[in-house]
Amino acid sequence: MREIRVRAHAKINLYLDVVGKREDGYHNLETIFHSIELHDDVIIREQATKDITVHCEHPGVPCDSRNLAYRAANLLGDTVGGIGGITVDIHKRIPVAAGLAGGSANAAAVLHGVNELFGLDFTQETLMQFGAQLGADIPFCLYGGAALGVGIGDQLTRLPALSDVPLLLLNPGIEISTATVFQKLNFSLTTREKRGIIIKAFLEKGDVVGIGENLYNLLEVPVFSQYPEIAALKTELSTQTGACGALMTGSGATVFAVMHNTDAARQSESHFKNRVSFCTTTVTSPVGVHVY
């Protein structure tokens, strides 16, 4: 039986603003995504039955039709009138419900991998359209690198990717519901900051310090009001030696720091290692999914 192995890279948001609510219940965003080296491994194999089977040892990952990777495989099968049976093995490194798009990355890996494995010849643009039917972050996870996202985050414009910029990621082990965060967002009490244009300019110049000093995420407002310990973690992270700036990614609870160099990141990692449930040094990545 044939198989394909795909690296499913996590993402961070260097900038995230919510510009309004849509009639379909979603919110219109302006965000700047960046892929990072932290990734899950997704192994896709043919199997003799016609079933789609998902395996993952992480207790927080469902292995049935609730799983985005399962739904991605099912969508491709329905579109082409059947692809036969497959098994999807997901080896998790990306924390679950952490603002890093781990589930979306797995779905993107399945869309990309099944397309390659079965020679379906869908373009990346078409796969991104399929992904948008399943989740707002999936198109970027397919796209990879750095991009400006508008709409629900699925309308993407390529930006220059940062090359191997060190990052320190911390997660306190709090799983946060994205839907709940958006429900708590009060537009009348928030002052919008248009730092996206500034960060876009610094990305184009490759100015890491400028990016670090202008990180912004509107969703910190409702999250920090409910979880002050995440706010405190971000503040402490931002004051570490070698940190250019810190931010919560997505709807949390992961916070990250853009670091001057890997040595500084490693030193700060040792400071936090035994205090949070997840702590790792990684770097920016030019890709979202990658067959290996």
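1. The largest pocket has a volume of about 1,200 Å³. A pocket here is an open set of points on a 1 Å grid over the protein atoms alone, with protein on both sides within 12 Å along at least five of seven lines, and lining residues have an atom within 4 Å of a point. A volume is the space filled by probe spheres set on the points, which are joined across faces, edges and corners.

2. This is a predicted model, in which local features need pLDDT of at least 70, side-chain atom pairs count only at pLDDT 80 or more, and totals for chains, interfaces and linings use all residues. Residues are numbered from 1 along each chain as its sequence is written, and side-chain values use heavy atoms, without hydrogens and water.

3. The largest pocket is lined by 43 residues, of which Leu68, Ser104, Asp137, Thr178 and Ser251 are the closest to its centre. Two or more lining residues come from each of strand S1 (3-21), strand S2 (27-47), H1, helix H2 (102-117) and helix H5 (178-184). By class, this lining has 22 nonpolar, 17 polar and 4 charged residues.

4. The structure also holds 1 cavity of 30 Å³ or more, a cavity being a set of points where a 1.4 Å probe fits but cannot get out. The largest cavity has a volume of about 30 Å³. Its lining consists of Ile12, Leu14, Leu162, Val165, Leu167, Ile211, Val258 and Thr284; by class, 7 are nonpolar, 1 is polar and none is charged.

5. How do H1 and H2 cross? Their axes come within 7 Å and cross at roughly 30°, which makes H1 roughly parallel to H2 (angles under 35 degrees). Leu68, Ala69, Ala72, Ala73 and Leu76 in H1 meet residues of H2, including Ser104, Ala107, Val110 and Val114; contact means heavy atoms within 4.5 Å.

6. On the H1 side, Leu68, Arg71, Ala72, Leu75, Leu76 and Thr79 meet Leu127, Phe130, Gln133 and Leu134 in H3. By class, the contact of H1 with H3 has 7 nonpolar, 2 polar and 1 charged residues.

Notes: Helices (H or I, at least four residues) and strands (E, at least two) are DSSP runs, numbered from the N terminus. Ala, Val, Leu, Ile, Met, Phe, Trp, Tyr, Cys and Pro count as nonpolar, Asp, Glu, Lys and Arg as charged, and the others, Gly among them, as polar. Axes are lines fitted to C-alpha atoms, for helices over the stretch in contact, and angles run from 0 to 180 degrees between N-to-C directions. Angles under 35 degrees count as roughly parallel, over 145 as roughly antiparallel, 65 to 115 as roughly perpendicular and the rest as oblique.
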